[in-house]
Amino acid sequence: MKDYENDRRHWIKFESLQNFRVKGGGTIDGNGQIWWQNSCKTYLICGQAVTFYECNNIIVSNLKFRNSQKMHVSFDKCADVKVVRLFVAAPENSPNTDGIHVTATQNIQISRCVIKTGDDCISIVSGSRNVKATDITCGPGHGISIGSLGAGNSGAQVSDVVVNRAILTGTSNGVRIKTWQGGSGYARNIQFQNIAMNNVTNPIIIDQNYCDRDEPCHEQASAVRVSNVMYKNIKGTSASKVAINLECSKSVRCHEIVMQDVSLASQRPEYVEASCVSVDLTRRGIVTPLCSPN
């Protein structure tokens, strides 16, 4: 750990590169265990294993990533990116070990990846646009997330995201949008479709009251606006009673939320339910469990 004194945030960094490929079938192992046991989440500034920063027209393919200190692969302020056939693995209890992190990046395609970590399989945050994730296998982990957005009363913009053909198994969330109170901006034009959920604790969730800190977060009037979100052909089992949980801001409702052909049942012999707060919801086809628009 002493070798990181000058830069605790990065291990391997590709910066300002054009027309570049990283491939070959090898394994990048961050040896993250020593970082995790030294309170990586709460006290230390811990590094991402591999970061692509301000790179354009790049391909990352056929690689394995294991046990990152923090996030495994991050694309920051990049454009025109293809990510193909990555395998990412870390223990389920490893902190902040997102598989693929996308921030302020446009036109990125992520396909045929297997991700098993202690945090989000894929996380998409502010400044990202035209993000497509296809044929993703996820679990364990925290699912596929947009956010968190709007922390510290900040502005956020995420748009034109498609997650198509994914299998999530044993994750703490399925497909999730999470925003802090007090933020501004938007998350819009988002599609989650053709997704199988196997024993997922929160299969479909929008949380506009996200609060990832010890002290309580106070209610605020402003929020990141969530709109035009489609959930289509999502089926499987929930490990919790509330399979669909849309908890939107009282002051900034979620608009144009559509569910089409959604069927979620309990992993155990009991009924599941849906909870919807401050959301304008449209149902098409068979949707179960049901909640009334409010």
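**Notebook: side-chain contacts and the annotated histidine**

I began with glutamate 270, which is partly exposed at a relative accessible area of 38%. I note here that the model is a predicted one. Next I looked up arginine 268, which comes out as partly exposed at 43% relative accessibility. The side chains of glutamate 270 and arginine 268 meet in a salt bridge, with 3.5 Å from N to O. I then looked for salt bridges that share partners, and these join Asp120, Arg176 and Lys178 into one network.

I searched the whole structure and the count was 7 salt bridges. One of the 7 runs between lysine 13 and glutamate 15, whose closest N and O atoms are 3.7 Å apart. I checked the accessibility of this pair: glutamate 15 is partly exposed at 41%, and lysine 13 is partly exposed at 38%.

I also noted a salt bridge between aspartate 135 and arginine 165, the closest N and O atoms being 2.8 Å apart. Why does this pair tie together parts that are 30 residues apart in sequence? Because arginine 165 lies in strand β13 (residues 155-169), while aspartate 135 lies in strand β11. I have arginine 165 down as partly exposed, at 40% relative accessible area. Aspartate 135 is partly exposed as well, at 29%.

For arginine 188, I found a place over the face of tyrosine 186, at 3.6 Å from the centre of the ring.

I counted 6 aromatic pairs. Among them, phenylalanine 14 and phenylalanine 52 are stacked, with 4.9 Å from centre to centre and 10 degrees between the planes. That pair links distant parts of the chain: phenylalanine 14 is in strand β1 (residues 10-15) and phenylalanine 52 is in strand β4 (residues 48-53), 38 residues apart. Buried or exposed? I have phenylalanine 14 and phenylalanine 52 down as buried.

I then turned to tryptophan 180 and tyrosine 210, whose ring centres are 5.4 Å apart; their planes stand at 90 degrees, so the pair is edge-to-face. This pair also joins distant parts of the chain, with tryptophan 180 in strand β14 (residues 175-180) and tyrosine 210 in strand β16 (residues 204-210), 30 residues apart. Tryptophan 180 has a relative accessible area of 13% and is therefore buried. Tyrosine 210 is at 15%, so I list it as buried; the cut-off for buried is under 20%.

I finished the rings with a cluster: Phe14, Phe20, Phe52 and Phe75 form one aromatic cluster.

I looked up the UniProt record, an unreviewed entry, and it lists His142 for "active site". Where is histidine 142 placed? I found it in the loop between β11 (128-138) and β12 (144-149). Histidine 142 has 26% relative accessibility and therefore counts as partly exposed.

I then listed what histidine 142 touches, leaving out residues up to four places away in sequence: Gly118, Asp119, Asp120, Ser172, Asn173 and Arg176. Asp120 and Arg176 I had already noted in one salt-bridge network with Lys178.

Definitions and conventions:
Residues numbered from 1 in each chain as written. Predicted model: local features only at pLDDT ≥ 70, side-chain atom pairs only at ≥ 80, totals over all residues. Heavy atoms only, no water. UniProt positions renumbered as here; feature names shortened; annotations may be inferred. Helix = DSSP H or I, 4+ residues; strand = E, 2+ residues; numbered from the N terminus. Buried < 20%, exposed > 50% of the residue type's maximum accessible area, 1.4 Å probe, protein only. Contact = heavy atoms within 4.5 Å. Phe/Tyr/Trp six-rings, centres within 6.5 Å; stacked < 30°, edge-to-face > 60°. Lys NZ or Arg CZ within 6 Å of the ring centre and 35° of its normal. Salt bridge = Lys/Arg side-chain N within 4 Å of Asp/Glu carboxyl O.
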